[in-house]
Amino acid sequence: MAILHSEKCFSSRSQQSDPMIENLMFQRDLLSIKDLSLAQIQQILSVAAKFKAHPQTNILNNKIIAHCFFEASTRTRLSFETATLRLGGHVIGFASSEGLSVQKGESLHDTMRMISGYADLIVIRHPKEGAARLAADVANIPVINAGDGANQHPTQTLVDLFSIQECQQRLNGLSVAIIGDLKYGRTIHSFAQACKFFDIRLFFVAPDALTLPESICDNLKKDGVRFSFHQSLEEVIPKVDILYMTRIQQERCNKSEYQQIEKQYVLTPALLDAAKPHLKILHPLPRLNEIDVAVDDLPYAYYFQQAANAVYVRQALLTLMLNQEVIA
Ligand code: CP
């Protein structure tokens, strides 16, 4: 497991004898899960586990992280903020475009270029696909994509993988059902594409109108990811180790499309009677009505632990991207 060279609370190693290993994320951008290698994912998860054991450090002392949220967020923004503060860093930024000069017509290009002169790293969420890539093209500091339209949400995938490893003690030999909005769900797009690195078989369940985009199906086939499509929750629940529920992205659907499908897949305690004993339910959240609140009290529910894990994973990312030294 990687530990952080420069942090006292992690320094049980002998300073002389432990080998230095390469920091695979230093000064890089994280725009898409497809940009990462298996070794990078493993390094991030490994450092995140260290932070879960010892969350409080000052490793980002004097670093300024710009949190640029042009689209609504609770978990991603606040977990990045908590991660930054726990590392001793400082936060600048905004939670919506209200009050910014974009209201006067300033371009994303100019906004990002200017912020890159104020901070050490940019975390950006934007409703448009490709916005994070544009930010990375113009900024001279690392950029993290915290969600761009229906495209990608790579840090959520890292949180999902960390949580699966934690609750199932492995990332291989697993069956995962993904339920909900396969068309617009960026957490699904990122997660499914990360499965090429692991022996994870996917079962997709979605309304016909919200099935997985063909381009992503093609991508999964090319990468050798095993997947199939199913009509009902009843069909997949007995088969899987992880049930990954998602909401319908009503902000990206039209109103009539949304009304027809909003209650099509609702997970209730009764449906879980057929589940494997070790099944765990994940959800990137926010939840609308797709998980009955009565499920929260069952041992299968893992989505609030998953949300809490976001802090450790984001601490790992910020640290690796801004501090060169990591040791094995
Ligand atoms: N999981 C997630 O992205 O949640 P928020 O939209 O609240 O950030």
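## Two domains

The chain is split into domain 1 (3-152 + 310-327) and domain 2 (154-307), with bounds that come from an automatic or database domain assignment. Taken over C-alpha atoms, the centres of domain 1 and domain 2 are 25 Å apart.

This is a predicted model, in which local features need pLDDT of at least 70 and side-chain atom pairs count only at pLDDT 80 or more, while totals for chains, interfaces and linings use all residues. Residues are numbered from 1 along each chain as its sequence is written, and side-chain values use heavy atoms, with hydrogens and water left out.

## The area between them

In domain 1, 33 residues are in contact (heavy atoms within 4.5 Å) with 25 residues of domain 2. About 2300 Å² is buried between domain 1 and domain 2, and carbon and sulfur atoms give 64% of this area. Buried area is the accessible area (1.4 Å probe) that two parts lose on being put together, summed over both. I33, L45 and R75 supply 26% of what domain 1 buries against domain 2, more than any other three residues.

The side chains of K52 and E166 form a salt bridge, at 2.7 Å from N to O.

## The domain 1 side

Elements giving two or more residues to the side of domain 1 that touches domain 2 include α1 (38-53) and α2 (75-86); helices (H or I, at least four residues) are DSSP runs, numbered from the N terminus. α1 gives the most to this side, with 7 residues.

Terms used. Salt bridge = Lys/Arg side-chain N within 4 Å of Asp/Glu carboxyl O.
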